[in-house]
Amino acid sequence: MARLSCLLIALTSVSVCGASEPQGSRPPNILFFLADDIACPEASCYGGNIHTPNIDALAQEGVYFQTCFATPLCQVSRVEMLTGRYAFRTGFYHNWGAPNEPLVPKHVIFTQLLQQAGYKTFVAGKWHHAGVPSTYGFDESCITLGFNGKTWITDDSEYQGPAGRDGYAASQWWPRVVINDHHYLPTVPDDYGPDICAERTIDFMTRHREQPFAAFFFTTLVHTPWLPTPDSDNKPGSDESDMDRDKKDFANFKPSVEYTDKLLGRLVAAVEKLGLRGRTIIFYSGDNGPAQNLGPDGKPVNGGKGHAVEEGCRVPMVVSCPGVVPKIGSSSELIDYADLFPTFVELAGAKLSENYVLDGRSFAPLLLGRPFQGREWIYSPLGRKQVLRDKRYLYEGDARFFDCGALRDGDGYHEITESEIPEDVAARDRLETILSRLPTPGQQGASDINMAEYQAQEKTVRKRVPSYSIVAYPGMKRPPQWFVEKHPSWFLDTSKK
């Protein structure tokens, strides 16, 4: 786009069922499966080397987008999805200095609009926001709580329960504190948080199968610590020492991805058993790239989490609903997480006030086989850094520009930061013009954040690891050039990084 796509939309009621269904028929159900810290290389349909048959099946019968941008950190992605707004409007640029307050009523949440359109709404798994789910437009919830300091439960002593504060702080997997519709759910050491949430999601869909529903399963997999799954032989015990033992065990990464795929398959099978597969639009995605992922040799390779690079924000987006979503397969259309809000709202036939400004653009027409004019660019913020992309060119946070051609996986990009070729200069100018309208913390037009807290945390992390990083740069496809020059022995062939 030649300018910032801030859409003032008033969505009218639409029929989104198959062409054979009468006008005014029931709108589709929505099932959104969000994996934590998982990128495209973890799914075999995107060329990954981990077997993910359930993700692949959805991709083959629907559409999977080659270029979907979340942000490089969990909370920022989730806020962008819920509000349909970029960070300069919400203040959620980073986990550092983010507003420690509920998103509502300052922002509209799309689930509030779905409720008004007659949907029953549900969220399970990781809750990464201040305030309780019910105030965000979720009728029901089942939340596993872990180390997230902003979670609403941290200030409520009512839910200390048998697991206690220590258990709550240690794990969202084995054992954990589970809050089921704001009530503490007792657990035992053999309970597995993602399983509990999957079962609760299925229960919700079963009870509300006769009316439109929207279920959001935000699994904690595959976020660190990489603990054994229920399919592993070395399940941890309930004591904290077992969790510490496995905290950095990368051997559990691949099994965690496989178990994530298994959970998705369990939910899809439940929808089929309920006879709702043809009226339930299923989304699968990830909230950001992982800290590490699996290299071709089976060894860990540094991922993009916490970096303002494409590896940090490019995530899978797979959508399927036989008879509704066309069998498109791989799509080169550009989408980002701000687009999910208007897409869900349009699919539901809900309405949004013209006074509420969105940065997202609905891709519902594409999912429904209708004429669709795609985005010209997508965006991902991280602190004071940004990632911006159109279908050919890419800008990454350390002020580097790349000509990607038709490529989408990060390999083979050609750097044009210093190029004097007119076409490259024009591309840089175009991207810089867009960036000038997307302010970062401290710039005019940017939403207020706690700059003192942000700068203090930034200083601490910079002292420990350069840039906005929670992992080292070696192993990344395009580490900052200054880092390559400072540590040449870490790179055998920097021209290929």
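The model is a predicted one. The protein chain holds 14 helices and 20 strands, and buried residues make up 61% of its 497 residues. Among contacts with a separation of 6 or more, 68% join residues 24 or more positions apart.

**The nonpolar cores**

- The largest nonpolar core has 52 residues. The residues with the most contacts inside this core are Phe 32, Phe 216, Phe 283, Met 317, Tyr 337 and Leu 367.
- Helix α10, residues 340–348, gives the most to this core, with 6 residues.
- A second, separate core has 44 residues, and Ala 43, Tyr 192, Tyr 259 and Val 271 are included in it.

**Helix packing around α8**

- Helix α6 (residues 193–207) and helix α8 (residues 253–273) have axes that come within 10 Å and cross at roughly 15°. An angle under 35 degrees counts as roughly parallel, so that is how α6 runs relative to α8.
- The crossing of α6 and α8 is right-handed.
- On the α6 side, the contact is made by Pro 194, Asp 195, Ala 198, Thr 201, Ile 202 and Met 205. On the α8 side, Tyr 259, Leu 263, Arg 266, Leu 267, Ala 270 and Val 271 take part.
- Sorted by class, the contact of α6 with α8 has 9 nonpolar, 1 polar and 2 charged residues.
- Helix α1 (residues 53–61) also packs on α8, at an angle of about 55° and with the axes 7 Å apart. These two helices are therefore oblique to each other.
- Pro 53, Asn 54, Ile 55 and Leu 58 of α1 meet Asp 261, Lys 262, Leu 264, Gly 265 and Val 268 of α8. The residues of this contact divide into 5 nonpolar, 2 polar and 2 charged.

**Buried loop positions**

- Leu 276 sits in the loop between α8 and β9 (280–286) and is buried, with a relative accessible area of 5%. Leu 276 touches Arg 26, Asn 29, Arg 209, Phe 213 and Val 271, not counting residues up to four places away in sequence.
- Leu 276 and Glu 210 are 66 residues apart in sequence, with a C-alpha to C-alpha distance of 9.7 Å.
- Gly 137 is found in the loop between β4 (120–126) and β5 (140–145), and it counts as buried at 1% relative accessibility. Leaving out residues up to four places away in sequence, Gly 137 touches Thr 111, Gln 112, Gln 115 and Thr 121.
- Gly 137 and Ile 109 lie 28 residues apart in sequence and 6.9 Å apart in space, C-alpha to C-alpha.

**Backbone features to look at**

- The peptide bond from Val 104 to Pro 105 is cis, with omega near 5°; Pro 105 belongs to the loop between α3 (87–90) and α4 (110–116).
- The peptide bond from Leu 221 to Val 222 is also cis, with omega near 10°. Val 222 is in the loop between β8 (213–218) and α7 (240–246).
- Asp 37 is not a glycine, yet has a positive phi of about 60°. Asp 37 lies in the loop between β2 (29–35) and α1 and is buried, with a relative accessible area of 3%.
- Ala 399, not a glycine either, has a positive phi of about 60°. Ala 399 is in the loop between β18 (393–396) and β19 (400–403) and counts as partly exposed at 42% relative accessibility.

Technical notes. Residues numbered from 1 in each chain as written. Predicted model: local features only at pLDDT ≥ 70, side-chain atom pairs only at ≥ 80, totals over all residues. Heavy atoms only, no water. Axes fitted to C-alpha atoms, helices over the stretch in contact; angles between N-to-C directions. Helix = DSSP H or I, 4+ residues; strand = E, 2+ residues; numbered from the N terminus. Parallel < 35°, antiparallel > 145°, perpendicular 65-115°, else oblique. Left-handed = near helix turned anticlockwise from the far one by under 90°. Contact = heavy atoms within 4.5 Å. Nonpolar A, V, L, I, M, F, W, Y, C, P; charged D, E, K, R; others polar. Core = buried A, V, L, I, M, F, W, Y, C linked by side-chain atoms within 4.5 Å. Buried < 20%, exposed > 50% of the residue type's maximum accessible area, 1.4 Å probe, protein only.
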